[in-house]
Amino acid sequence: MARTRVRRMADGDIEPSARVLARAFGIDASDDNRRRGEQRVAHLLASDPEGSFVGEQRGAITGMAQAYRREDLWCLSMLAVEPEAQGTGMGRTLFERALEYGDDGPGLIVASNDPRALRLYAAAGFSLRPAMEAWGTIDRRTFPADIAGVTRGTAGDVERVAGISRAVRGAPHTPEIAFALERGAELLLLADRGFAVAETGLGVWLLAARDDRAASALLWSALDVAGDVERPVRWITAGQDWAVDVVVRAGLQISAYGALCVRGHPGPLRPFLPSPPFA
(Lines give C-alpha, C1' and ligand atoms only; values in the text may rest on other atoms or scores of the structure.)
Protein backbone atom coordinates (compact mmCIF):
# COMPACT_ATOMS: atom_id res chain seq x y z
CA MET A 1 0.00 0.00 0.00
CA ALA A 2 1.33 3.41 -1.00
CA ARG A 3 2.26 5.71 1.88
CA THR A 4 -0.12 8.64 2.32
CA ARG A 5 1.06 12.16 3.10
CA VAL A 6 -1.44 14.90 3.99
CA ARG A 7 -0.41 18.56 3.87
CA ARG A 8 -1.88 22.02 3.53
CA MET A 9 -3.10 22.94 0.08
CA ALA A 10 -1.12 25.52 -1.90
CA ASP A 11 -2.01 27.65 -4.92
CA GLY A 12 -0.30 25.18 -7.24
CA ASP A 13 -2.60 22.42 -5.99
CA ILE A 14 -5.85 23.97 -7.25
CA GLU A 15 -5.88 22.28 -10.66
CA PRO A 16 -4.95 18.74 -9.46
CA SER A 17 -7.37 19.06 -6.54
CA ALA A 18 -10.20 19.91 -8.94
CA ARG A 19 -9.28 16.87 -11.03
CA VAL A 20 -9.48 14.66 -7.93
CA LEU A 21 -12.89 16.10 -7.12
CA ALA A 22 -14.16 15.39 -10.63
CA ARG A 23 -12.86 11.82 -10.75
CA ALA A 24 -14.11 10.99 -7.26
CA PHE A 25 -17.66 12.05 -8.08
CA GLY A 26 -17.73 11.03 -11.74
CA ILE A 27 -18.11 14.59 -13.02
CA ASP A 28 -17.82 14.97 -16.78
CA ALA A 29 -14.41 16.42 -17.68
CA SER A 30 -15.70 19.24 -19.88
CA ASP A 31 -13.88 22.57 -19.97
CA ASP A 32 -16.82 24.22 -18.18
CA ASN A 33 -16.89 21.64 -15.38
CA ARG A 34 -13.12 21.81 -15.01
CA ARG A 35 -13.22 25.58 -14.70
CA ARG A 36 -16.07 25.47 -12.19
CA GLY A 37 -14.24 22.90 -10.07
CA GLU A 38 -11.08 24.99 -10.01
CA GLN A 39 -13.05 28.12 -9.09
CA ARG A 40 -14.71 26.28 -6.21
CA VAL A 41 -11.39 25.03 -4.84
CA ALA A 42 -9.75 28.43 -5.28
CA HIS A 43 -12.59 30.21 -3.47
CA LEU A 44 -12.09 28.31 -0.22
CA LEU A 45 -8.32 28.24 -0.49
CA ALA A 46 -8.44 32.04 -0.59
CA SER A 47 -10.96 32.46 2.24
CA ASP A 48 -9.89 29.56 4.52
CA PRO A 49 -6.37 28.40 3.61
CA GLU A 50 -5.93 26.71 6.99
CA GLY A 51 -8.90 24.46 6.24
CA SER A 52 -7.69 23.24 2.85
CA PHE A 53 -5.66 20.00 2.52
CA VAL A 54 -4.38 17.57 -0.09
CA GLY A 55 -3.39 13.93 0.21
CA GLU A 56 -0.44 12.58 -1.77
CA GLN A 57 0.70 9.10 -2.73
CA ARG A 58 3.97 8.57 -4.59
CA GLY A 59 4.19 12.33 -5.05
CA ALA A 60 0.81 12.66 -6.79
CA ILE A 61 -2.27 14.35 -5.32
CA THR A 62 -4.98 11.71 -5.01
CA GLY A 63 -7.18 13.25 -2.30
CA MET A 64 -8.36 16.64 -1.08
CA ALA A 65 -10.51 18.19 1.63
CA GLN A 66 -11.70 21.73 2.30
CA ALA A 67 -13.48 23.04 5.37
CA TYR A 68 -14.46 26.59 6.18
CA ARG A 69 -15.67 28.63 9.14
CA ARG A 70 -18.23 31.42 9.15
CA GLU A 71 -18.58 32.99 12.57
CA ASP A 72 -19.29 30.05 14.95
CA LEU A 73 -20.23 27.57 12.21
CA TRP A 74 -17.86 24.96 10.72
CA CYS A 75 -18.70 23.33 7.37
CA LEU A 76 -17.02 20.60 5.37
CA SER A 77 -17.26 21.72 1.77
CA MET A 78 -15.36 18.92 0.03
CA LEU A 79 -13.86 15.54 0.81
CA ALA A 80 -12.74 13.58 -2.24
CA VAL A 81 -10.39 10.68 -2.89
CA GLU A 82 -9.65 9.23 -6.30
CA PRO A 83 -11.17 5.77 -6.82
CA GLU A 84 -7.81 3.95 -6.87
CA ALA A 85 -6.81 5.55 -3.56
CA GLN A 86 -10.05 4.80 -1.74
CA GLY A 87 -9.85 2.27 1.07
CA THR A 88 -6.32 3.37 2.02
CA GLY A 89 -7.36 5.53 4.95
CA MET A 90 -6.67 8.77 3.09
CA GLY A 91 -10.26 9.98 3.34
CA ARG A 92 -10.30 9.52 7.10
CA THR A 93 -6.97 11.31 7.52
CA LEU A 94 -8.08 14.23 5.37
CA PHE A 95 -11.35 14.48 7.30
CA GLU A 96 -9.55 14.49 10.64
CA ARG A 97 -7.29 17.32 9.48
CA ALA A 98 -10.31 19.29 8.27
CA LEU A 99 -12.05 18.76 11.62
CA GLU A 100 -9.03 20.24 13.39
CA TYR A 101 -9.72 23.50 11.58
CA GLY A 102 -12.95 23.81 13.55
CA ASP A 103 -13.70 23.30 17.21
CA ASP A 104 -16.50 21.60 19.11
CA GLY A 105 -19.10 24.12 17.95
CA PRO A 106 -21.92 23.63 15.45
CA GLY A 107 -21.10 22.03 12.13
CA LEU A 108 -22.74 21.04 8.84
CA ILE A 109 -21.87 18.60 6.07
CA VAL A 110 -23.91 17.95 2.92
CA ALA A 111 -23.26 14.26 2.20
CA SER A 112 -23.84 12.03 -0.79
CA ASN A 113 -24.99 8.40 -0.60
CA ASP A 114 -21.42 7.13 -0.14
CA PRO A 115 -21.75 4.67 2.80
CA ARG A 116 -18.11 5.12 3.85
CA ALA A 117 -18.52 8.89 4.12
CA LEU A 118 -21.81 8.59 6.02
CA ARG A 119 -20.23 6.17 8.48
CA LEU A 120 -17.23 8.48 8.91
CA TYR A 121 -19.40 11.49 9.69
CA ALA A 122 -21.64 9.56 12.09
CA ALA A 123 -18.61 8.19 13.94
CA ALA A 124 -17.36 11.77 14.34
CA GLY A 125 -20.52 12.71 16.21
CA PHE A 126 -22.63 14.21 13.43
CA SER A 127 -26.35 13.50 13.40
CA LEU A 128 -27.44 12.21 9.98
CA ARG A 129 -30.65 13.70 8.64
CA PRO A 130 -31.67 11.63 5.59
CA ALA A 131 -32.52 13.70 2.55
CA MET A 132 -34.41 13.49 -0.74
CA GLU A 133 -33.91 14.86 -4.22
CA ALA A 134 -36.46 15.93 -6.81
CA TRP A 135 -35.87 14.91 -10.40
CA GLY A 136 -37.57 14.79 -13.76
CA THR A 137 -39.14 17.42 -15.99
CA ILE A 138 -40.77 20.47 -14.49
CA ASP A 139 -44.37 20.94 -15.59
CA ARG A 140 -44.50 24.69 -16.12
CA ARG A 141 -48.29 24.61 -16.44
CA THR A 142 -48.38 24.15 -12.66
CA PHE A 143 -46.54 27.37 -11.84
CA PRO A 144 -48.53 29.98 -9.88
CA ALA A 145 -49.76 32.77 -12.11
CA ASP A 146 -48.14 35.36 -9.88
CA ILE A 147 -45.39 34.71 -7.34
CA ALA A 148 -46.07 37.79 -5.29
CA GLY A 149 -43.20 39.74 -3.83
CA VAL A 150 -40.22 37.79 -5.21
CA THR A 151 -37.65 40.05 -6.86
CA ARG A 152 -34.25 39.61 -8.49
CA GLY A 153 -31.32 40.72 -6.39
CA THR A 154 -27.84 41.93 -7.26
CA ALA A 155 -24.41 41.72 -5.68
CA GLY A 156 -25.38 44.82 -3.71
CA ASP A 157 -28.11 42.83 -1.93
CA VAL A 158 -25.87 40.04 -0.63
CA GLU A 159 -25.29 41.66 2.77
CA ARG A 160 -29.04 42.13 3.22
CA VAL A 161 -29.69 38.40 3.54
CA ALA A 162 -26.98 37.68 6.14
CA GLY A 163 -29.48 37.94 8.98
CA ILE A 164 -31.73 35.33 7.38
CA SER A 165 -28.85 32.86 7.10
CA ARG A 166 -27.91 33.51 10.73
CA ALA A 167 -31.47 32.86 11.86
CA VAL A 168 -31.79 29.62 9.88
CA ARG A 169 -28.34 28.00 10.01
CA GLY A 170 -26.37 30.07 12.50
CA ALA A 171 -24.01 31.97 10.17
CA PRO A 172 -24.11 34.10 7.01
CA HIS A 173 -23.56 32.79 3.48
CA THR A 174 -22.23 36.17 2.35
CA PRO A 175 -18.92 35.20 0.63
CA GLU A 176 -20.48 32.09 -0.89
CA ILE A 177 -23.49 33.92 -2.37
CA ALA A 178 -21.14 36.51 -3.86
CA PHE A 179 -19.09 33.64 -5.33
CA ALA A 180 -22.22 32.06 -6.85
CA LEU A 181 -23.36 35.35 -8.40
CA GLU A 182 -19.94 35.85 -9.97
CA ARG A 183 -20.37 32.46 -11.66
CA GLY A 184 -23.76 33.37 -13.14
CA ALA A 185 -26.28 32.39 -10.46
CA GLU A 186 -29.26 34.56 -9.60
CA LEU A 187 -30.28 35.85 -6.17
CA LEU A 188 -34.01 35.85 -5.49
CA LEU A 189 -35.41 37.95 -2.63
CA LEU A 190 -38.68 38.12 -0.74
CA ALA A 191 -38.34 41.29 1.34
CA ASP A 192 -36.75 40.33 4.68
CA ARG A 193 -38.51 36.94 4.77
CA GLY A 194 -36.14 34.83 2.71
CA PHE A 195 -33.88 34.36 -0.27
CA ALA A 196 -32.87 31.72 -2.80
CA VAL A 197 -29.95 31.24 -5.16
CA ALA A 198 -30.45 29.34 -8.41
CA GLU A 199 -28.59 28.91 -11.67
CA THR A 200 -29.99 28.08 -15.08
CA GLY A 201 -29.12 24.52 -16.08
CA LEU A 202 -27.77 23.65 -12.62
CA GLY A 203 -30.73 23.89 -10.27
CA VAL A 204 -31.60 25.38 -6.90
CA TRP A 205 -28.34 26.12 -5.12
CA LEU A 206 -29.53 27.49 -1.75
CA LEU A 207 -32.70 28.61 -0.02
CA ALA A 208 -33.31 30.01 3.46
CA ALA A 209 -36.46 31.66 4.76
CA ARG A 210 -38.19 32.76 7.94
CA ASP A 211 -41.53 31.07 7.14
CA ASP A 212 -42.92 28.31 4.92
CA ARG A 213 -45.01 30.57 2.69
CA ALA A 214 -41.97 32.67 1.81
CA ALA A 215 -39.92 29.52 1.21
CA SER A 216 -42.57 28.10 -1.15
CA ALA A 217 -42.74 31.31 -3.20
CA LEU A 218 -38.96 31.44 -3.44
CA LEU A 219 -38.74 27.78 -4.50
CA TRP A 220 -41.25 28.31 -7.32
CA SER A 221 -39.17 31.27 -8.51
CA ALA A 222 -35.94 29.28 -8.19
CA LEU A 223 -37.39 26.42 -10.26
CA ASP A 224 -38.28 28.96 -12.93
CA VAL A 225 -34.66 30.15 -13.02
CA ALA A 226 -33.23 26.61 -12.93
CA GLY A 227 -35.05 25.55 -16.08
CA ASP A 228 -34.58 22.08 -17.53
CA VAL A 229 -32.10 20.22 -15.35
CA GLU A 230 -32.10 16.56 -14.35
CA ARG A 231 -32.16 17.12 -10.57
CA PRO A 232 -33.31 20.68 -9.87
CA VAL A 233 -33.74 20.31 -6.09
CA ARG A 234 -31.59 18.18 -3.78
CA TRP A 235 -31.06 17.59 -0.04
CA ILE A 236 -34.66 18.10 1.03
CA THR A 237 -34.58 16.92 4.65
CA ALA A 238 -37.47 15.62 6.73
CA GLY A 239 -39.78 18.37 7.93
CA GLN A 240 -39.40 20.49 4.81
CA ASP A 241 -42.99 19.71 3.76
CA TRP A 242 -43.29 23.06 2.04
CA ALA A 243 -40.56 21.96 -0.41
CA VAL A 244 -42.08 18.53 -0.97
CA ASP A 245 -45.42 20.18 -1.75
CA VAL A 246 -43.83 22.48 -4.35
CA VAL A 247 -41.80 19.82 -6.18
CA VAL A 248 -44.75 17.40 -6.29
CA ARG A 249 -47.05 20.10 -7.66
CA ALA A 250 -44.35 20.96 -10.22
CA GLY A 251 -44.55 17.39 -11.56
CA LEU A 252 -41.19 16.18 -10.26
CA GLN A 253 -40.37 12.73 -8.87
CA ILE A 254 -38.80 12.22 -5.43
CA SER A 255 -36.09 9.77 -4.37
CA ALA A 256 -34.02 9.33 -1.23
CA TYR A 257 -30.54 10.75 -1.60
CA GLY A 258 -27.75 11.60 0.83
CA ALA A 259 -28.00 13.36 4.17
CA LEU A 260 -27.49 16.65 5.91
CA CYS A 261 -25.03 15.92 8.71
CA VAL A 262 -25.41 18.15 11.75
CA ARG A 263 -23.24 18.70 14.80
CA GLY A 264 -24.57 20.69 17.72
CA HIS A 265 -27.27 23.30 17.20
CA PRO A 266 -26.46 25.60 14.28
CA GLY A 267 -30.07 26.77 13.98
CA PRO A 268 -33.53 25.42 13.17
CA LEU A 269 -32.40 24.50 9.61
CA ARG A 270 -35.88 25.13 8.26
CA PRO A 271 -37.19 26.39 5.98
CA PHE A 272 -33.88 25.52 4.36
CA LEU A 273 -32.36 23.87 1.30
CA PRO A 274 -28.60 23.73 1.88
CA SER A 275 -25.98 24.62 -0.68
CA PRO A 276 -24.28 21.35 -1.68
CA PRO A 277 -20.75 22.80 -1.52
CA PHE A 278 -21.33 25.35 1.23
CA ALA A 279 -24.26 24.08 3.40
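User: What makes you say that helix α8 lies across strands, and which ones?

Analyst: In this predicted model, helix α8 (residues 241-249) lies across β6 (127-135), β11 and β12 (253-263). Contact here means heavy atoms within 4.5 Å. Relative to β11, the helix runs at about 145°.

User: Which strands does helix α1 lie across, and at what angle to β4?

Analyst: Helix α1 (residues 14-25) lies across β2, β3 and β4 (73-81). Its direction makes about 75° with β4.

User: Why are β1 and β11 called edge strands?

Analyst: Start with the sheet. It is open, has eight strands and shows mixed pairing, in the order β1-β2-β3-β4-β5-β12-β6-β11. β1 (4-8) and β11 (233-237) each pair on one side only, and that makes them the edges. From one strand to the next, the twist averages 25°.

User: How do you know that β2 and β3 pair?

Analyst: Pairing needs at least two bridges. Strand β2 (residues 52-57) and strand β3 (residues 60-70) are joined by six, and they run antiparallel. The two strands therefore count as paired. Within this pair, E56 stands opposite I61 in β3.

User: Why does E15 with R19 count as a salt bridge?

Analyst: The cut-off is 4 Å between a side-chain nitrogen of Lys or Arg and a carboxyl oxygen of Asp or Glu. The closest N and O atoms of E15 and R19 are 3.3 Å apart. That value is within 4 Å, so the pair qualifies. By this rule the model has 23 salt bridges.

User: Why can these two residues meet within one helix?

Analyst: E15 and R19 are four residues apart in helix α1, which separates them by about one helical turn. An α-helix has 3.6 residues a turn, so residues three or four places apart point the same way.

User: Are E15 and R19 buried, exposed or in between?

Analyst: Buried is under 20% relative accessible area and exposed is over 50%. E15 has 45%, so it is partly exposed. R19 has 38% and is partly exposed too.

User: What makes R23 and E82 a link between distant parts of the chain?

Analyst: Their side chains meet in a salt bridge at 2.3 Å, N to O. R23 sits in helix α1, while E82 is in the loop between β4 and α3 (90-100), 59 residues apart. R23 has a relative accessible area of 45%, hence partly exposed. E82 has 4%, which is under the 20% cut-off, so E82 is buried.

User: Why does the D211 and R193 salt bridge tie separate parts together?

Analyst: The closest N and O atoms of D211 and R193 are 2.8 Å apart. D211 is in the loop between β10 (203-209) and α7 (212-226), and R193 is in the loop between β8 (186-190) and β9 (194-199), so the pair ties together parts that are 18 residues apart in sequence. D211 is partly exposed at 24%, and R193 is partly exposed at 32%.

User: What makes R5, R7, D13 and E56 one network?

Analyst: Salt bridges that share partners join R5, R7, D13 and E56.

User: Which residues of helix α6 are called buried, and what do they pack against?

Analyst: In helix α6 (residues 174-182) they are T174, E176, I177, F179, A180 and L181. Each falls under 20% relative accessible area. The buried residues of α6 pack against α2 (31-47), β3, α5 (162-169), β8, β9 and β10.

User: What is the phi of G184, which follows α6?

Analyst: The phi of G184 is positive, near 110°.

Technical notes: Residues numbered from 1 in each chain as written. Predicted model: local features only at pLDDT ≥ 70, side-chain atom pairs only at ≥ 80, totals over all residues. Heavy atoms only, no water. Axes fitted to C-alpha atoms, helices over the stretch in contact; angles between N-to-C directions. Buried < 20%, exposed > 50% of the residue type's maximum accessible area, 1.4 Å probe, protein only.
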